[in-house]
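Please look over the sequence and the model first.

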Number of protein chains: 2
Amino acid sequence: MRRQNLSVVLGAVAAHAPLSRADVAGRVGLTRAAVSSLVDELIGRGTLTEAAATASGRVGRPGRALAVSGEGPAGLGLEIGVTHLGACVADLRGEPRVWRLVERANAGRPAGQVLAEAAALAAEAEAEATALGLRVRGRVLAVPGVVPNEPGGVVERAPNLGWQGVRVADHWPDPDTVPEPENEANLGALAEYWNVERAAETFVHVSAGAGVGAALVIEGRLFRGARGFAGELGHIPVHPDGPACACGARGCLEQYAGEAAVLREAGLAQHGGQGDPVPLLAERAGAGHPPTLAALDRAGRALGLALTSAVDLVDPDGLVLGGAYAELADWLLPSVRAELADRVTVRPWAPEALRPSAQGRRGPLLGAALTTVRRIMADPTLLPAC
Amino acid sequence: MRRQNLSVVLGAVAAHAPLSRADVAGRVGLTRAAVSSLVDELIGRGTLTEAAATASGRVGRPGRALAVSGEGPAGLGLEIGVTHLGACVADLRGEPRVWRLVERANAGRPAGQVLAEAAALAAEAEAEATALGLRVRGRVLAVPGVVPNEPGGVVERAPNLGWQGVRVADHWPDPDTVPEPENEANLGALAEYWNVERAAETFVHVSAGAGVGAALVIEGRLFRGARGFAGELGHIPVHPDGPACACGARGCLEQYAGEAAVLREAGLAQHGGQGDPVPLLAERAGAGHPPTLAALDRAGRALGLALTSAVDLVDPDGLVLGGAYAELADWLLPSVRAELADRVTVRPWAPEALRPSAQGRRGPLLGAALTTVRRIMADPTLLPAC
């Protein structure tokens, strides 16, 4: 009960700061004495700060302004991409305070090597955060692969890295800082949900990196599926007799809307694997390059077909195009929307229900850092009392 | 708290009867005094009966056997199908005690006429239940259409009946017995979930009547979607350039696996709308009639494609073929399974995870009756105390 009240008070300050103790009591419907005791504990745990005085301009004794701490407890997010490593530290207000991205060709390299480099980057990011007065209280690692619903921190399969059954702890140099792996599409969806005001409560978040993934947020919670495999949009059959896919099936969405397929159709296949092809695609499309426009139209049509299945099955409030798709939204949205308009006929469907992500490719790393922040906000007793 | 304890005690008796009060106390971890008070209330509300004595054979004072009442509170289920009306009354043990089906060509008739006939059938079923000592405490109506997530009891669209925006209460003769409409596929899925021991907690239940519908049970709860449209499997595009569908799109699952499409491919189109074509299909298929076998294979392949999308997106523990598909499972299962085996490659998928429903076409009507039963079992205070 107290745990929940701590979270309610912390949440009220996060949403409406600056507030005095009296303001908080008025908002949350607890007595002022109870709120004061909770606030004292929250300050002791490092989650709130209390300033000298407010300039509220209201009648009555001025209170001292409470705010969520920008120092102290923080979350570390890490990301292993096919061509980069990332680290981010976010404070309790949800602000990313440290942000590091380095290019690394990770595909096909031994998992141990990649994870050791990620650990080194993590240590640098933590040192930088410490210098800012932050203290990392949880670590989450975004991976482009499947993380089953089981304890143990295993990445079951990350085809674009060449990983199979990788237990992160087996390769992490420091047993005290082992991060918890999570699928990057899931984290991108959560970052979107946590950062957009009045976000849809039930939505499908599609993200493209080297592969095509999706995540389902259902009634405000990430839905991981019975085993952790939900949201495998990339292998939905869009043209059942289409080209063979690396997965063994034919005509999967990835054969139309995956990075390699789009580059190939755009006549830019030689750019695959050499750094970041997304700005190049955007530049060519912006310049009206016909094969690039045709490739993006084809990708958008296929995405629209796969998303028709998602809308028919899940009945979401919204669809979000994240990851690299967000940067290519100008050219993808028209064909995705056209396909949805043609196909989703048995329920009302507004074109605006499909929108690009606000976070784009920052989503998974931000979501990884915010996971710890959200856990602390939901249960401040996870932090030591002082 | 007491409400929850009442439900726990009632549930323990339902699962393990006969039990004495002492047995219940041992099972639920409450004191014997507390259990006795709860049991008295449950008897007073008509949910439990207590027999004279047990022959437990165990050491100690023999208790008197408690059991869930087979008289008293009951749920009424009603069903409007394209070619029939149905009514069922189930007692608190979940047993269907009254079961009435009448043939009626309901397609295209005024909704008011159909609902008046359903109300007459409901009154007959209630009278029969009363003669058995049962008292109907809730009424649910299964319809082959969309019921949005809004109060008001409106069937937004039931294309195979020709209904659009039908508010049940507007046409029901007795304002005291207006049933709550619910989509038949949802009710079929719930009947399956409630009746199968160790049912999957997250599964997709496909059902075929005149149309093709599905329902998603997620972590033991029906998921209706953001607006109530979830599970529209019938209009998933399986062959995007396929035949035009009545919905306005092309190549929808219904064009391959819907009743009209299967009858047409089987060369039995003239049987559409004339009574029940399912036994005829089963008979022809059983006799090795090549066009019927080809039609069912084509339907199964298309179902496999649509279910691949469902598995990729939702990651269910299981898939259930319900409604008429259950009766045709011998001929559908092989091709559905083959398609799933070819297409679901990015996660483990066991062929046995796809199975025919235990309820078949009885599911929606049974689910409608059990909805009230389950509500009472979850909150016995819904019943008047005596």
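The model is predicted. Chain A is divided into three parts: domain 1 (2–68), domain 2 (73–188 + 364–382) and domain 3 (197–357). Chain B can be laid on chain A with an RMSD of 0.0 Å.

**The two chains**
- The superposition of chain B on chain A takes a turn of 180 degrees and a shift of 0.0 Å along the axis.
- The two copies are therefore related as by a two-fold rotation axis.
- Both copies use the same surface, since 100% of the contact residues of chain B recur in chain A.

**Domain 1 and domain 2 of chain A**
- Taken over C-alpha atoms, the centres of domain 1 and domain 2 of chain A are separated by 32 Å.
- Domain 1 of chain A brings 11 residues to the contact, and domain 2 of chain A brings nine residues.
- About 850 Å² is buried between these two domains of chain A, and carbon and sulfur atoms give 71% of that area.
- Of the area that domain 1 of chain A buries against domain 2 of chain A, 48% is supplied by A:R3, A:R45 and A:V68, which is more than any other three residues supply.

**A sheet in chain A**
- Five strands of chain A form an open sheet in the order 12-11-10-13-14, and their pairing is mixed.
- Strand 12 (221–223) and strand 14 (354–356) of chain A are the edge strands, each pairing on one side only.
- From one strand to the next, the twist averages 30 degrees.
- Strand 10 (residues 203–208) and strand 13 (residues 318–323) of chain A run parallel and are joined by six bridges.
- Within this pair, A:F203 stands opposite A:G318 of strand 13 of chain A.

**Helices on the sheet**
- Helix 9 (residues 290–314) of chain A packs on the sheet and touches strand 10, strand 11 (212–218), strand 13 and strand 14 of chain A.
- The direction of helix 9 of chain A makes about 135 degrees with that of strand 13 of chain A.
- Helix 11 (residues 329–343) of chain A lies across strand 13 and strand 14 of chain A, and runs at about 170 degrees to strand 14 of chain A.

**A buried residue in chain B**
- B:E126 lies in helix 4 (residues 111–131) of chain B.
- B:E126 counts as buried because its relative accessibility is 18%, and buried means under 20%.
- Apart from its neighbours within four places in sequence, B:E126 is in contact with B:L76, B:V136, B:R139 and B:T177.

Technical notes: Residues numbered from 1 in each chain as written. Chains lettered and ligands numbered in written order. Predicted model: local features only at pLDDT ≥ 70, side-chain atom pairs only at ≥ 80, totals over all residues. Heavy atoms only, no water. Pairing = 2+ DSSP bridges. Helix = DSSP H or I, 4+ residues; strand = E, 2+ residues; numbered from the N terminus. Axes fitted to C-alpha atoms, helices over the stretch in contact; angles between N-to-C directions. Contact = heavy atoms within 4.5 Å. Buried < 20%, exposed > 50% of the residue type's maximum accessible area, 1.4 Å probe, protein only. Least-squares fit on C-alpha atoms with pLDDT ≥ 70 in both. Domains from an automatic or database assignment. Buried area = accessible area lost by both parts, 1.4 Å probe.
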